[in-house]
2 protein chains.
Amino acid sequence: MRIVVLAGGIGGARFLRGLKAARPEAEITVIGNTGDDIHLFGLKVCPDLDTVMYTLGGGIDEEKGWGRDDESFRVKEELAAYGVGPDWFGLGDRDVATHLVRTQMLGAGYPLSAVTEALCDRWKPGVRLLPMTDDRVETHVAVEEDGERRAIHFQEYWVRMRASVDALAVVPVGAEQSAPAPGVLAAIAAADVILLPPSNPVVSVGTILAVPGIRDAVAAADAPVIGLSPLVGGAPVRGMADKVLAAIGVEATATAVARHYGAKGAAADDAPAGLLDGWLVDEVDAAAVADVEAAGIRCRAVPLMMTDLDATAAMARAALTLAEEVRA
Amino acid sequence: MRIVVLAGGIGGARFLRGLKAARPEAEITVIGNTGDDIHLFGLKVCPDLDTVMYTLGGGIDEEKGWGRDDESFRVKEELAAYGVGPDWFGLGDRDVATHLVRTQMLGAGYPLSAVTEALCDRWKPGVRLLPMTDDRVETHVAVEEDGERRAIHFQEYWVRMRASVDALAVVPVGAEQSAPAPGVLAAIAAADVILLPPSNPVVSVGTILAVPGIRDAVAAADAPVIGLSPLVGGAPVRGMADKVLAAIGVEATATAVARHYGAKGAAADDAPAGLLDGWLVDEVDAAAVADVEAAGIRCRAVPLMMTDLDATAAMARAALTLAEEVRA
């Protein structure tokens with residue numbers, strides 16, 4: 001079974017761990033968000049790709065959900081001693097090695113997809129991890145700070161500001177000029193199932209879908225497309241989905257996000273093509289099932305808290321079961 | 001008093017510490033060797049500049065004589081886990097931060113001299129530290145390894161091979177096309193004394209002198225030029241001066257090195273201009289004094305082992321005393 005997953009960082013990575021446990025024999029292709037990528041101290045940092053790679057490869061800091069296990073921060077301390085910023089990004093020593101290898105390979109002319117494959121040679125995540133694009137896309141967030149509106153890098157919004165102010169707009173800068181990385185469209189076309197894990201619908205999955213060609217490929221795929229709501233009881237399980245959903249005028253509810261993705265085949269007028277065949281909401285949102293189904297999307301209410309591997313594997317199985325129903 | 005010192009790494013740095021102790025009020029300009037510089041993992045590493053900066057700025061590993069104090073090697077371990085080499089260079093975590101700042105500034109277009117000044121803003125070495133050039137010069141050593149002659153980077157010869165095979169030739173690649181860094185020639189011209197510390201006469205001082213303009217400026221300077229022999233009793237106090245002297249056909253003795261530098265004003269035919277007004281040899285080489293003086297270089301035998309700060313300061317004082325004699 002060939003499964004394609006459009007994944008962000010922590011939520012996507014944890015879901016993937018459950019999916020691998022649920023279907024160890026599946027060929028899983030992960031299309032990873034690179035809109036969070038940032039250049040720091042001359043290093044190319046790919047937080048979401050690395051979170052997936054470290055999580056599935058056994059190198060993640062389990063407690064934080066990002067960065068390396070048993071990490072230290074001596075490089076960062078020394079950079080601060082030089083008065084060189086930014087100081088808000090948690091650049092760990094072990095992590096620095098990953099960024100050095102990546103930056104050096106990119107400098108030598110390898111595309112990010114080839115670099116990611118080389119890094120995965122070490123980590124063996126058990127999935128094929130593809131960046132959404134080899135081109136530079138950077139998610140910027142418009143905020144008002146000290147009375148002034150300005151656009152900042154998503155990492156600055158999330159890591160430095162902890163999303164403490166409203167996001168006024170979210171723009172995947174460069175997305176329009178980008179192209180899917182090699183293998184992305186072919187994997188979508190060949191998939192038996194396409195999953196949207198409980199990743200951020202705006203700055204993770206939304207950014208991936210903003211790469212020209214990817215959304216249309218998902219909408220046109222033969223495979224059932226099943227999503228899992230990252231919102232439970234009207235709030236994100238983790239992260240700042242509520243803030244960035246507000247920026248694009250979408251309510252922070254499981255129903256609104258399903259409608260935002262849209263029902264597959266339901267493209268109307270100049271709206272983007274709908275994507276979903278099925279949608280999973282948490283049991284606390286059971287009342288939403290009827291609303292989602294009214295929008296033409298098959299919907300089930302199941303436990304959606306990734307509290308441990310078993311719970312997460314059960315979520316993955318529920319998504320695959322819903323895919324079977326759609327196919328039948 | 002304005003003192004100019006042409007310095008390599010460990011020996012030069014330790015001598016400078018003694019010089020500062022001997023003459024705390026002096027304005028010291030250090031012209032640092034950059035022929036040892038190397039690109040590792042995309043980082044620009046300047047071993048000699050950093051050794052001077054860390055030693056005088058209080059950040060050196062006192063026991064090793066190079067690298068940062070209280071150092072760790074987690075980045076290096078991780079790079080090895082990626083299978084990315086070389087693995088023989090002792091790239092410490094705290095040290096990595098220096099290289100990141102340097103590499104980023106160079107990438108932004110700052111010349112090495114400006115970068116070095118910026119790094120020294122933190123370390124406050126108490127001297128003005130200038131790279132010999134802003135251009136790329138790389139000392140290569142020709143060796144025969146496994147029956148094949150090849151040219152390797154000096155760092156590979158010294159750090160990986162521990163100078164265990166003969167150096168067949170030493171070439172400062174790029175030196176002919178290089179120019180002295182801003183301030184170098186002016187400092188030499190304005191100096192009251194010019195010192196050649198007990199640094200390697202080939203791969204440290206020799207490389208500095210290979211930058212077009214520097215040797216002539218030293219030879220033409222009004223200031224007395226005083227050198228201290230790095231060879232004691234026919235062997236280098238530390239390092240591999242004997243190996244690289246052999247490569248250029250110079251005996252590993254205090255006398256031969258003095259003759260190699262040459263007596264100031266004694267340029268003959270197509271030989272390079274002579275440099276030395278005075279030369280200090282160790283007491284064990286007292287017999288060499290007459291030979292050196294016969295070559296037209298004033299010579300004294302004094303203790304030349306930098307065993308501690310007092311001994312090193314005494315060496316610096318002896319050099320300055322000899323300069324006074326020359327001037328008088």
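How many residue pairs are in polar contact between chain B and chain A? The count is 14 residue pairs, both at pLDDT 80 or more. A polar contact is a pair of N or O atoms within 3.5 Å; within protein, one must be able to donate a hydrogen and the other to accept it, and residues adjacent in sequence count only if both atoms are side-chain atoms.

This is a predicted model: local features need pLDDT of at least 70, side-chain atom pairs count only at pLDDT 80 or more, and totals for chains, interfaces and linings use all residues. Residues are numbered from 1 along each chain as its sequence is written, chains are lettered from A and ligands numbered from 1 in the order in which they are written, and side-chain values use heavy atoms, without hydrogens and water.

**View 1. Chain B meets chain A.** Here 27 residues of chain B are in contact (heavy atoms within 4.5 Å) with 27 residues of chain A. Arg74(B), Glu78(B) and Tyr82(B) supply 32% of the area that chain B buries against chain A, more than any other three residues. Buried area is the accessible area (1.4 Å probe) lost on putting two parts together, summed over both.

**View 2. A salt bridge at Arg74(B).** Its partner is Asp70(A), with the closest N and O atoms 3.1 Å apart.

**View 3. Helices H1(A) and H13(A) cross.** Their axes, lines fitted to C-alpha atoms over the stretch in contact, come within 7 Å and cross at roughly 75°. The two helices are therefore roughly perpendicular (65 to 115 degrees) to each other. Helices are DSSP runs (H or I, at least four residues), numbered from the N terminus.

Notes. A salt bridge is a side-chain nitrogen of Lys or Arg within 4 Å of a carboxyl oxygen of Asp or Glu. Axes are lines fitted to C-alpha atoms, for helices over the stretch in contact, and angles run from 0 to 180 degrees between N-to-C directions. Angles under 35 degrees count as roughly parallel, over 145 as roughly antiparallel, 65 to 115 as roughly perpendicular and the rest as oblique.
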